[in-house]
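Here's a quick tour for anyone meeting this structure for the first time. Have a look at it below, and then we'll go through how its parts meet.

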Amino acid sequence: MDLSYGAEAENYRSEVRAFVKREWQPGERRGSDLGAYIKNFRHRATNEGLLYRFVPKRYGGSEQPVDVVRAQVIREEFSRARAPMEVGGNGMAMLVPTLLERGTEAQRERFIRPTVEGDYVWGQGYSEPGTGSDLASVRTKGELIDGEWVINGQKIWTSQGGGANYMFALIRTEPQAKKHDGISYLLIDLDQPGVTRRPIRQMTGDAGFYEFFFDNAKTPADWIVGERGEGWKVSRTTLKHERASIGSAASLGAQFEKLVELAREVERDGRPAIQDPEIRQLLTRIEGWVMAHRCSSYRLFSLAAAQEEPGIVQLMMKLLLTETGHEIALAAQELIGDEALLEPPPSGHGKRGPSKWLDQIMGSLGNSIAGGTTNIHRGIIAERGLGLPRDLAMGGE
Amino acid sequence: MMRFHPTEEQLAIQDALRGTLADSFPKERLHELVDGDTDFDKPSWDALMALGLGGLALPEIWGGAGLGLLDLAMAIEVLGDGAAAGPILQHCLVALAIASSASEELKARWLPELASGGTVATVAWGGEWLPEKWTVKIEDGVLSGMVRYVPGANAAHLFLVGTAGGGLALCELEAGMRVSAQHSSDRSRRTATVTFKNAKAVELFEPGDPTVARLFDAALVLIAADALGGAQHCVDLSVAYAKEREQFGQPIGRFQALKHQLAGMALEVEPARAMMWYAAYAWDMQLAEASRAAAMAKAHIADRFVSVARAAVAAHGGIGYTWEYGLVIWFRRSMFDRAYLGSPAVHRARAADLAGW
C-alpha cells in the first residue's frame, strides 16, 4: 500500500499551489467587494480546470476527466491557502449531478450555470411533517392545470431555507399510482405568492432549517426532472451524492483535535484534564474510532481512484461519523463540567468559552437524524451490506 | 501512486491460506484439539509452512518471499478467522527478529529452518508485557528467570526471550529450561510458564536497542490482525445463522432488532480493517507514527473482537452458549488477543504518552 500521491500528483500540486498563490489575494476586501473578488477568483480557477470539474464547460464548469487524486490535491491546496472552493450547498451537491444525469438539455441550460455562479440557492424539498424515514409517503400534491403545476402542501427540514430561492422537491402528482410510482421530481421558484417559509427553531436555539407552505404555488410544466411518476428513482441519484458528502473524514478528525485541545485547556483536580489518566483513556478510546474512520476513508478514496466497487464500508461511513460524534459529545460534556450549565453566546459574537461545546453536544444529535436516521442506516447496512432479508413492512417479500 | 486497498496478490495469498487452512484443519480437527490436551497441529502447521507462511516476510536469500509486515498481517488475519492453532504468529515474529539482527551466522543457522517450519519457534515475553518491564536476566550468555504465558512452548524448539531492561535473547530448548503448561482458557493457543536456570542463550539485541521496540510494535500489529480475523468470523457466523434460523415462521434475520445488532457488529469490524492495514503500513514505511498506530490498533481491534464475540453469542441465542457449536473457541480467542501483549488500557496509556499529551 502507498499513501503518497505519487510524482505526477505532486507535480500537479506545485502547479495548483502556484496558481492559488498568484490568484488568491483578497487583501483587505470586505463585504460585496470581497464577494465580487471571490466570484472572479472562482471563474479563474474554473478556467484553470480546478473547480466544477464534473460540470461540462457549456454550463459553466471546467469539464475535467474524473481524477479523485487531483481533486483531493486541489482541496488540500485551496484549504491550505484558505481560498474558496466551489459554492456549497444542496445545489452543487445534489441538484447539478441529478440534472446532468436525468435533466433535459433545456433544464441544464436554464439551471446549472446560475447554480455554479451561486445565484441560485437550492433548498431540498423531501421531508414533510408526516414523512420522515418513510420518504416515499410524501403527500404534497401537484396537479397539472392549464400548462403548469399547481402545488399544495408542506415541506420541512430544508437546510439553507432562509437563503434559498429555488427548491427541488418530491411531489405526489399521480395519486392513483402505487406509493413509489406516484411521485415526480419538480423544480420550484420559491419567490412567489403561493410559497410561505418559516424558520424552525432547533435544540441549540438556532434556526438552521426552514419549513415551506405551498398554497396554489405554480411551476412550469416542463420543470419536471425525469418523467411523471419517476421522481422517486430520480431522487435516488441525489441521495447517493448526499451520503457520500456527509461521510467525509476531515471534519471528524478536526472535531477530535478540538476535543484534545479542550482537554488541554480545562482543568481537573488542579491540573490540565489531559494529564488525568481517566481522560487519557477516554480520548484514546474515541480516537480508535476516529482512526478507523480516517483509514477507511483512505480505503474508499483509493478504491474510487482505481474505479473499483466501494463495498460495505461505504454504507458505514455516515453512521461511524455520527456515532463517534456522540462519543465526542459525551466526552466534551465531561470535560466542560459546570460550563454545561451556561448558555453559550451566539457564534460570531466574540470569544466563546468551553460552553460553546453545547452546540456540538446537541448538534451531534441533529447529525444522526439528517441524511437518514441511525436506525435507517443500520437497516441499510444489514440489508444491502450483510444481505439480510428485507423488512416486510418496508416492502420485503 | 496512492493505493490503500489490497492488491490482487495480497488477496490471492489470503485465498490460498484460507483454502489450505480449511483443507488441513477442518472444523472437526479444531474441536478435537480443543477437547484434547495440545494445541499443536502438525498437519496444518506443515501445510501452512509448505505454502510459505513462515518465510512470507523474510528476505528471499533465506528462503522467504521478501514481503512486508502488511502482507504477514493479512495472512495472520486469515488464521484468526479460521482459529488456526499453535504459535504461528510468534513463530513468524522470531524469524522477523533474527532477520533484523546483525548476525549472518544466526540468520544462516535459523532462517531457512524457520521459513520451512522444520523448527518451531515462539516468543517468551509474558506476564510483564512491555519491554521495559521484562525481567529475565542474561549474564555471560546464560539466562535466569521466569516468563509466564508463553504460547506453543510445548512444541517449540527455539525461544525468543525478553530480557531485563528490554533486550532479546535466543535460546534453544535445553536442560536449563523448564516448561510447565498452564491451564489455558484459549485452548487453541495454550500457554506455559517457562523457567530459565542457567540456560545457554545468545543475546540478539541489547537492552535499549531500538529494534526491540520495533519488534514489539510488529507483534502488536500481528495480534491486532488476528483479532480482526476472529472478529470477522464472529460477524460472518452470526449473519449466516440469522439467515437460516427460523422463528415465528420466518428467518430471524428479518427482525429489525437482530438486524440492527448485526449491523452494529459489522460496524465495529469492517472499518477496523483499514486501521489494521494502516498500522502495518506505518510499520513497513517506518513512519514516525508507527509505534502509536500499532498501540492504537491493538487496543481498538482487541476491544472490537471481545465486543463482537459477546454480541455473537447474544445473536445466536442458546446454541451460541453451547460448547458443541464452537463459537466459544473464538470467544476465548478474543480474551487471549485482548490480554496478550498488554490490555487495551495499557496500550491506550502508551498511545497518550506517545502523542505527547
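## Before we start

Buried area is the accessible area (1.4 Å probe) that two parts lose on being put together, summed over both. This is a predicted model, where local features need pLDDT of at least 70, side-chain atom pairs count only at pLDDT 80 or more, and totals for chains, interfaces and linings use all residues. Residues are numbered from 1 along each chain as its sequence is written, chains are lettered from A and ligands numbered from 1 in the order in which they are written, and side-chain values use heavy atoms, with hydrogens and water left out.

Domain bounds here come from an automatic or database domain assignment. For chain A that gives domain 1 (7-86), domain 2 (120-229) and domain 3 (247-394). The centres of domains 2 and 3 of chain A, taken over C-alpha atoms, are 31 Å apart.

## Inside chain B

Contact (heavy atoms within 4.5 Å) involves 17 residues of domain 1 and 16 residues of domain 2. Together they bury about 1,300 Å², with 62% of that from carbon and sulfur atoms. On the domain 1 side, B:Asp39, B:Pro87 and B:Trp110 lose the most area to domain 2, together 41% of what that side buries.

## Where chain A meets chain B

Now for the two chains. Chain A brings 51 residues to the contact and chain B brings 46 residues. Between them they bury about 4,500 Å², 67% of it on carbon and sulfur atoms. In chain A, the residues losing the most area to chain B are A:Met1, A:Arg280 and A:Arg299, together 18% of what that side buries.

There are four salt bridges between chain A and chain B. One pairs A:Glu287 with B:Arg292, and their closest N and O atoms are 2.6 Å apart. Helices (DSSP runs of H or I, at least four residues, numbered from the N terminus) matter for the next point. Helix 7 (249-265), helix 8 (277-305), helix 9 (312-336) and helix 11 (374-385) of chain A each give two or more residues to the side touching chain B. The largest share of that side, 18 residues, comes from helix 8 of chain A.

Definitions and conventions. Salt bridge = Lys/Arg side-chain N within 4 Å of Asp/Glu carboxyl O.
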